[in-house]
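User: I am new to this structure. Please take me through the terms used for it and show what each one rests on.

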Amino acid sequence: MTDREYNDCVNLYADNVYRFILKNLRREDDAKDVVQSAFEKLWKNRGSVDALKSKSYLFTIAYHQMIDQLRKEKRVELKSAFREETIVSDRPIHPLKKTLETALARLNETQRSLVLLKDYEGYSYLEIGQITGLTESQVKVYLHRARIQLKNYLVSLENLI
Amino acid sequence: MITRDNYEEFFLLYTDNELSAVERHEVEKFVADHPDLREEWESLLQCRISPETHLAFPDREALLKPESEDSAYARSLVYYVDGLPFLHPDTGVVFSQKDSLYRTAKDRRVIPLPWLRAGIAAAVIGAIALVFLLTTGSKLNPPSPSAKTQTTIDKKITPAVTSAAAPALHLTEGQPKPKPGRAARTPIKPKPEPQQGLAVNNRANEEPTAVRTTVDPPKGKDQPSSDVSVGNVPVTESLAANVHLAVQTGIPKDQSSFATQALQEEQAADGRENDLGPDEPAAPSRTKLRGIFRKVKRVFGKTAERDSDGNRQVLVGAFEVSLD
């Protein structure tokens, strides 16, 4: 990968990685740190990274750093209320979309990452498995469980309303 | 085949966009055929999360890196398209110490191997000498019986002649010492040709050429140094003819001279060899050895006394060795 290709990766994938990480970590500063760290690692290893696989490389690095960050948060036992307050939301959100955000937040980090990688980036089961370190069947099973949880949450809210 | 038992998996795969166009059409047809399942199918489709495109990385410029020289070509193209000047190589800058960079063949290191070379040369010389000796030995021993007999006779008569030269010298000792370079004044009558022919013919019935070989006078520089001669016939020739006569006339062994005894023994050996028959070849090792020994004998065969000055001398090759 050349310097130009690296800068192209910044222009093409920085926002995607940032969204993915921000949706999982829910804190802007932590998401920025993870994205910067991922791109710094890509810059250092640009000689051995193929430009065509740079996106998967970035998501893989960012995902694992995000998992490490989440494990640190679990040790600190941050309150979910504090996390809810830190969600970046400067635009009016559609009620269904807000409900989905809430349902997504109720998933565990693995299920949430799988849903985001699938819906945000459109990765296949195999590609998601390569990024997360899971097998294709594991991705399929975890993702289907997450879909059913989200559906059940939406259906239950509709029943309540 | 989508049924009510497995439709949920197909709905999930449809939501994840993991189905082909045909499978997607089958799912849509199944939902159309089963309207009670449409609500569940639509609720799953609502669970798909659309990306929030308004979220952007706030500090993207900080991630960008300055391009290095490897993109100079692309930059030059940009400059060319924009009409901007770009750098050209300065050919005036040269490296003035190019001579120090040149390499010659003298710098190469050569490892001397004197002993190895000498060993190889000795091996080659030895091999050539061995081949030469073997080939000459085989040439001296042709496979035909007549030729074999000829060579054996030639070989065995030569020392007999040398040994027979002693009585001839004894005969000439009483005579005045001849001056060198002059013909002999000794009144030795030449042997009649018929006698020699008789001796020759007695053997010529079997191997005429072999007998002629035995009476050939010595050639080369030995010829003029021979003072004892009868006419043009050398003494050695006449002596050899006498010896043959002695052998043919059947003189008893104890009364014959040493040369006659030697010739008798050799003829007896030749007779044994001839008794082997023409079809029985001699042993190869024996013929080879004979070839070598014959060569040596020929060299020393020239050792017939050449005492032109009355001194006993032996000619070995090109060297004269005094026997006194």
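This is a predicted model: local features need pLDDT of at least 70, side-chain atom pairs count only at pLDDT 80 or more; totals for chains, interfaces and linings use all residues.

User: What makes residues of helix α1 of chain B count as buried, and which are they?

Analyst: A residue is buried if 20 or more other C-beta atoms lie within 10 Å of its own C-beta. In helix α1 (residues 7-15) of chain B, that label goes to B:Phe10, B:Phe11, B:Leu12, B:Tyr14 and B:Thr15. In chain A, 35% of the 161 residues count as buried.

User: How do you know which kinds of element chain A has?

Analyst: Helices and strands are DSSP runs. For chain A they come to eight helices and zero strands. From the N terminus on, the order is α-α-α-α-α-α-α-α.

User: How do you know that chain A touches chain B, and how many residues take part?

Analyst: Two residues are in contact if their C-beta atoms lie within 7 Å. By that rule, 33 residues of chain A are in contact with 26 residues of chain B. On the chain A side, α1, α2, α5, α6 and α8 each give two or more residues. The largest share, ten residues, comes from α1(A). The chain A side divides into 19 nonpolar, four polar and ten charged residues.

User: What makes a set of residues a nonpolar core, and which members touch the most others in the largest one?

Analyst: The members must be buried, of nonpolar types such as Val or Ile, and joined through C-beta atoms within 7 Å. The largest core has 51 residues. A:Val17, A:Ile21, A:Val35, A:Ala38, A:Leu58 and A:Ala62 touch the most other members. Elements giving two or more residues include α1 and α3 of chain A, together with α1 of chain B. The largest share, eleven residues, comes from α1(A).

User: Which residues does A:Ile21 touch?

Analyst: Leaving out residues up to four places away in sequence, A:Ile21 touches A:Ala31, A:Val34, A:Val35, A:Ala62 and A:Met66.

Conventions
Residues are numbered from 1 along each chain as its sequence is written. Chains are lettered from A and ligands numbered from 1 in the order in which they are written. A residue is buried if 20 or more other C-beta atoms lie within 10 Å of its own, exposed if 12 or fewer, and partly exposed in between; C-beta atoms are placed from the backbone. Helices (H or I, at least four residues) and strands (E, at least two) are DSSP runs, numbered from the N terminus. Ala, Val, Leu, Ile, Met, Phe, Trp, Tyr, Cys and Pro count as nonpolar, Asp, Glu, Lys and Arg as charged, and the others, Gly among them, as polar.
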